[in-house]
Amino acid sequence: MRVELQHIIYTLVPYRGYDIRAWSRGADIGSFSEAFKKWFSPYDENTVRLKPHEAKIAVVRTVTGRLYIARVFYGLGYKLDEYKREGVVSHIAEIPVELLEHRIPLTLVETSMARYIAEKGIGLKEVEPIVLDVEPRDVDEDIEFLRQVVDREKARKILEGVSKPTPKVLVLFKRSISDRARLAYGLAKLYEEYGLREYMILTENPIEHILIIFNNVTLVLDKTPLLKPVDAWTIVNLK
């Protein structure tokens with residue numbers, strides 16, 4: 001099965017600063033903008049720069065049923081603007097619904113996004129879509145990983161948290177950034193099965209404004225951040 005992923009790249013643009021730098025020919029930029037409420041990079045630049053070889057992940061679902069993965073990293077070695085500066089790069093792909101229906105792991109999407117940048121670089125203006133050649137799976141690897149690390153009782157607590165009037169959930173998971181991303185993908189699949197219409201899942205603590213403008217946020221972190229107010233959060237600690 002051949003699937004094209006529409007995507008955009010948000011980073012430094014010559015003579016314009018941070019902006020949408022590149023987009024695939026079929027990308028609906030308005031939908032990308034609406035999904036991220038124009039905050040295409042939800043993380044502070046210092047957070048991303050601190051570990052330039054690690055990508056931070058954000059999974060976003062909109063009320064219109066569109067699902068996106070943002071892979072945010074520091075463009076080490078890339079000369080992005082007229083001053084040849086490096087900067088934060090947010091590479092965002094829209095996930096077609098058939099990938100979920102056929103149990104394609106979202107880790108495969110993330111790997112394909114990383115490979116696209118490694119092979120084609122950080123383009124400017126119109127670029128090619130990301131192409132996946134995949135086959136339907138009998139087992140959903142994202143859900144299987146979720147079941148390995150989240151027991152039934154804690155899954156119930158997470159779903160209760162995202163069902164509150166002002167839903168904010170912190171999942172403490174003291175593992176690597178890649179395992180936190182895998183958990184984020186598993187939670188996205190769980191939320192889809194649960195029928196959650198809108199959410200954002202993040203693998204690092206975001207800039208504070210994100211927690212204000214997004215209605216349903218789940219943080220998958222390795223340590224507890226400063227939460228305001230703390231009693232508004234459902235906290236689930238995974239071993």
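Arg71 has His91 in S6 as its bridge partner, and this pair belongs to the antiparallel pairing of strand S5 (residues 67-74) with strand S6 (residues 88-95), which extends over 8 bridges. Two strands are said to pair if DSSP finds at least two bridges between them, and the helices (H or I, at least four residues) and strands (E, at least two) named here are DSSP runs, numbered from the N terminus. The model is a predicted one, in which local features need pLDDT of at least 70 and side-chain atom pairs count only at pLDDT 80 or more, while totals for chains, interfaces and linings use all residues. Residues are numbered from 1 along each chain as its sequence is written, and side-chain values use heavy atoms, with hydrogens and water left out.

S5 and S6 are part of an open sheet of 10 strands with mixed pairing, in the order S7-S3-S2-S6-S5-S4-S10-S11-S9-S12. At its edges lie strand S7 (125-127) and strand S12 (234-238), each of which pairs on one side only. On average, neighbouring strands of this sheet are turned by 20 degrees against each other, direction ignored. Helix H6 packs on the sheet and touches strand S9 (168-173), strand S11 (217-221) and S12, and the direction of H6 makes about 155 degrees with that of S12. Here axes are lines fitted to C-alpha atoms, for helices over the stretch in contact, and angles run from 0 to 180 degrees between N-to-C directions; contact means heavy atoms within 4.5 Å.

We turn now to the helices. Two packed helices are described by the angle between their axes and the distance between the axes. The axes of helix H5 (residues 141-149) and helix H7 (residues 177-194) come within 8 Å and cross at roughly 105 degrees, so H5 and H7 are roughly perpendicular to each other. In this scheme, angles under 35 degrees count as roughly parallel, over 145 as roughly antiparallel, 65 to 115 as roughly perpendicular and the rest as oblique. Among the residues that meet are Ile143 and Leu146 of H5 and Leu187 and Leu190 of H7. Helix H4 (residues 106-120) and H7 have axes that come within 9 Å and cross at roughly 130 degrees, and H4 and H7 are therefore oblique to each other. Leu106, Thr107 and Glu110 of H4 make this contact with Ala181, Arg182, Tyr185, Ala188 and Lys189 of H7.

Rolling a probe the size of a water molecule over the atoms shows where empty space is left. On a 1 Å grid over the protein atoms alone, a pocket is an open set of points where a 1.4 Å probe fits, with protein on both sides within 12 Å along at least five of seven lines, and lining residues have an atom within 4 Å of a point. The largest pocket is lined by 16 residues, of which Lys51, Arg180, Glu204, Asp222 and Lys223 lie nearest its centre, and helix H2 (45-50) and H7 each supply at least two residues of that lining. The second largest pocket is lined by residues including Ile143, Leu146, Arg156 and Leu190, and H5, helix H6 (152-162) and H7 are the elements that give two or more residues to its lining. The largest share of this second lining, 4 residues, comes from H6.
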